[in-house]
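Student: I would like to go through this model and ask what each label rests on.
Tutor: Then let us look at it first and take the labels in turn.

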Amino acid sequence: MKDNKGKLAVLVGGQYGSEGKGAISAHIAPRFRYHVRVGSPNAGHTFYDAQGNKHVMQTIPCGWINRQAMIVIGRGALINIRLLKQEIEHIKLFDPRIEDRLLIDSQAGVLDERFFREEGGVNGEMHRRIGSTGEGVGPARVARINRDPEKFSLFGDIARNVSLDHLVFDNTPALLANVQDAGDNVLIEGTQGSALSLFHSFWPYCTSTDTNASGIIAETGVAPSRVTDVILVLRTYPIRVAGNSGPMKNETTWQAISEKCGREITEKTTVTKKTRRVAEWDGDLVKQSILLNAPTAFALTFCDYVDPDLFECDSHVKLVQSEKLRAFLDASGLERDRIKYFGTGPHHVLDFDSTEG
Ligand code: GTP
Ligand code: MG
């Protein structure tokens, strides 16, 4: 490998998902020439662009917002063709040339609508039993593991039938290695959160893959020694999806948080509008996700839940001077200097990354 090789960063959720990875990914997008996503559409990443337009991405990495970047969907991904087409159409409103810079690995999997019907969404048994979104991702992965071509297709095999063959790309691992060696920076955008991992969480209240940095890179085909940065995204108050979604230490209520914060706060899921479960900071959980991911930097989102005066704050000085945030950080055990990004609202990330221009 050459000495001047580029960065290869992995963005990971440090709790139960919805940490705001979308907002962080979009914020740092200009620094990366390649943006990669794997995972599946049971994760939705939301961000707002500089003009205030909202973007919800379930398939395409948020880094598309950097018009100079190449956008890659890797081998471990599961793609719902209908959603992919919808996302392409959405992006075309902002960048008509998106298809010229979008590459989809021929070995990515197809999330056929049959799998959704099998699980039944939030009205299905899996939702009742473990709080799953029930989108069929588990059954699709099972079909892939069973190596049953009757039930599971690779993207490259069906791309022509769905008029997407112009996007097919054959060797993401080689592409990413080559561009890194040539000095380009690569960002791999993880989905969900460390504590939803199939292997490293509260089985069976988990998702159907490993959501930690090593699992994410395995899905892309990037070799572990190529990773230069792991950014762990943490929320001030972790959430779990509504329903029977499993253990969550220090569980509290939105009412209690609102009273403490002095501002009305509540979160509902996008599709079902059910109120999410929420908890106070859980240091043990964070310790475990630090152990599993060995982050080189942190992003702390939802700082506006700690101090209402920080809501959509874009002043570094004001953030640093917030007594409430300082008290929170002291109690959290996080090292202040290692937090490079602070989320203060859906529209704002404050950047303390001195290594960047
Ligand atoms: P998953 O992979 O699905 O877990 O997604 P994610 O980590 O990208 O999070 P997602 O975008 O699904 O959810 C975060 C939500 O909170 C979105 O609606 C964001 O617009 C919003 N958000 C992100 N950062 C902040 C923040 O700092 N403060 C507030 N109030 N909202 C935020
Ligand atoms: Mg989400």
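Tutor: Buried means under 20% relative accessible area, exposed means over 50%, and partly exposed lies in between. The model is a predicted one.

Student: Which residues of β5 are buried, and which way do they point?
Tutor: Met70 and Val72 point one way from β5, Ile71 and Ile73 point the other way, and all are buried. In a regular strand the side chains alternate between the two faces of the sheet.

Student: What makes β5 and β7 a pair of strands?
Tutor: Strands pair if there are at least two bridges between them. Strand β5 (residues 70-73) and strand β7 (residues 102-105) have 3 bridges, in the parallel sense, so by that cut-off they count as paired. Within this pairing, Val72 stands opposite Leu103 in β7.

Student: How many bridges join β2 and β5?
Tutor: There are 4 bridges, and the sense is again parallel. Here His35 is the residue opposite Ile71 in β5.

Student: Why are β9 and β17 called edge strands?
Tutor: The open sheet has 10 strands in the order β9-β7-β5-β2-β10-β1-β11-β15-β16-β17, with mixed pairing. β9 (168-169) and β17 (348-351) each pair on one side only.

Student: Which strands does helix α8 touch where it packs on the sheet?
Tutor: Helix α8 (residues 213-220) touches β1 (8-13), β2 (34-37), β10 (186-189) and β11 (229-235). Its direction makes about 125° with that of β1.

Student: Why can one say that the buried residues of α9 line one face of the helix?
Tutor: In helix α9 (residues 254-261) the buried residues are Trp254, Ile257, Ser258 and Cys261. Seen down the axis of α9, they fall within an arc of 100°, so they line one face. An α-helix has 3.6 residues a turn, so residues three or four places apart point the same way.

Student: What does the face turned away from the buried side of α9 carry?
Tutor: That face carries the exposed residues Gln255 and Glu259. The buried residues of α9 pack against β11, β12 (239-240), β13 (251-252), β14 (277-279) and α12 (323-332). Just after α9 comes Gly262, with a positive phi of about 85°.

Student: Which residues of helix α5 are buried, and what covers them?
Tutor: In α5 (residues 137-145) they are Val137, Pro139, Ala140, Arg141 and Ala143. The cover includes β6 (78-79), α3 (113-119) and α8. Arg147 follows α5 and has a positive phi, near 50°.

Student: Why does Asn171 count as partly exposed?
Tutor: Its relative accessibility is 35%. Buried would need under 20% and exposed over 50%, so a value in between is called partly exposed. Asn171 sits in the loop between β9 and α7 (172-181).

Student: What does Asn171 touch beyond four places away in sequence?
Tutor: Asn171 touches Arg75 and Asp105. Asn171 and Arg75 are 96 residues apart in sequence, and 8.9 Å apart C-alpha to C-alpha.

Student: What lines the largest cavity?
Tutor: The lining is Val38, Gly39, Thr191, Thr209, Asp210, Thr211, Ile216 and Glu219. This cavity has a volume of about 40 Å³.

Note on methods: Residues numbered from 1 in each chain as written. Chains lettered and ligands numbered in written order. Predicted model: local features only at pLDDT ≥ 70, side-chain atom pairs only at ≥ 80, totals over all residues. Heavy atoms only, no water. Helix = DSSP H or I, 4+ residues; strand = E, 2+ residues; numbered from the N terminus. Contact = heavy atoms within 4.5 Å. Axes fitted to C-alpha atoms, helices over the stretch in contact; angles between N-to-C directions. Buried < 20%, exposed > 50% of the residue type's maximum accessible area, 1.4 Å probe, protein only. Arc of directions from axis to C-beta. 1 Å grid on protein atoms, 1.4 Å probe; cavity = no way out; pocket = protein on both sides within 12 Å on 5 of 7 lines; lining within 4 Å. Points joined across faces, edges and corners; volume = space filled by probe spheres on them.
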